[in-house]
Amino acid sequence: SLGGAFMYLLMSVWLSMHASVTAKAYEVRLLTQHVRLPVPTWSQLEGARTYGSAFEKVNATQMFRMPFAMGTQERVLQRSI
């Protein structure tokens, strides 16, 4: 009875250590291979950047449009032309 309890304790500690190491290894694999965030290049960052002068050239209806209420941006632009 005492020997069985001691054996149960050793087995549970051994299996919990094994599960911990396995979970950590899978976490590292998941973070480095499966869900790695793409890092943009400098040219992609430059292409996404806008300037204040570009906003000043936009039509007033486009400046103050309410997203999702007035439809898509393309439709607003077509109506203003």
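Here are some questions and answers on how the labels for this predicted model come about.

Q: What makes a residue count here, and how are residues numbered?
A: This is a predicted model, where local features need pLDDT of at least 70, side-chain atom pairs count only at pLDDT 80 or more, and totals for chains, interfaces and linings use all residues. Residues are numbered from 1 along each chain as its sequence is written, and side-chain values use heavy atoms, with hydrogens and water left out.

Q: How do you know where confidence is lowest and where it is highest?
A: Look at pLDDT, the predictor's confidence in each residue, from 0 to 100. The protein averages 85, and 94% of the residues score at least 70. Confidence is lowest in α5, at a mean of 71, and highest in α1, at 95.

Q: What makes the pattern of the protein, read along the sequence?
A: The pattern is α-α-α-α-α, with 5 helices and 0 strands. Helices (H or I, at least four residues) and strands (E, at least two) are DSSP runs, numbered from the N terminus. Helix α1 covers residues 2–34, while helix α5 covers residues 73–80.

Q: How does the radius of gyration of the protein stand against that of a compact globule of 81 residues?
A: The globule would come out near 12 Å, but the protein has 29 Å. The radius is taken over C-alpha atoms, and the globule rule is 2.2 Å times the number of residues to the power 0.38. As for the box, the C-alpha atoms fill roughly 85 × 35 × 20 Å along the principal axes. For a pair of residues, take Gln 78 and Ser 1: they are 77 residues apart in sequence and 83 Å apart in space, C-alpha to C-alpha.

Q: What makes Glu 27 and Lys 24 a salt bridge?
A: Their closest N and O atoms are 3.2 Å apart. The label asks for a side-chain nitrogen of Lys or Arg within 4 Å of a carboxyl oxygen of Asp or Glu, so the pair gets the name. Both residues lie in helix α1, 3 residues apart, about one turn of the helix. Glu 27 has 36% relative accessibility and is therefore partly exposed; Lys 24, at 49%, is partly exposed as well.

Q: Which residue forms a salt bridge with Glu 46, and how do you know?
A: It's Arg 49, with the closest N and O atoms 3.0 Å apart. That distance is within 4 Å, so the pair passes. Glu 46 has 31% relative accessibility, so Glu 46 is partly exposed, and Arg 49 counts as partly exposed at 43%. The structure holds 2 salt bridges.

Q: Why can Met 11 be in a nonpolar patch on the surface?
A: Patch residues need over 30% relative accessible area and no salt bridge; like charges are joined within 9 Å, nonpolar side chains (Val, Leu, Ile, Met, Phe, Trp, Tyr) within 5 Å. Met 11 has 40%, so it clears the area cut-off. Other patch members include Phe 6, Trp 14 and Met 17, and the patch has about 940 Å² of accessible area together. Such areas come from the Shrake-Rupley method with a 1.4 Å probe; for residues, only the protein chains shown count as cover.

Note on methods: Buried means under 20% relative accessible area, exposed over 50%, partly exposed in between (1.4 Å probe, protein chains only).
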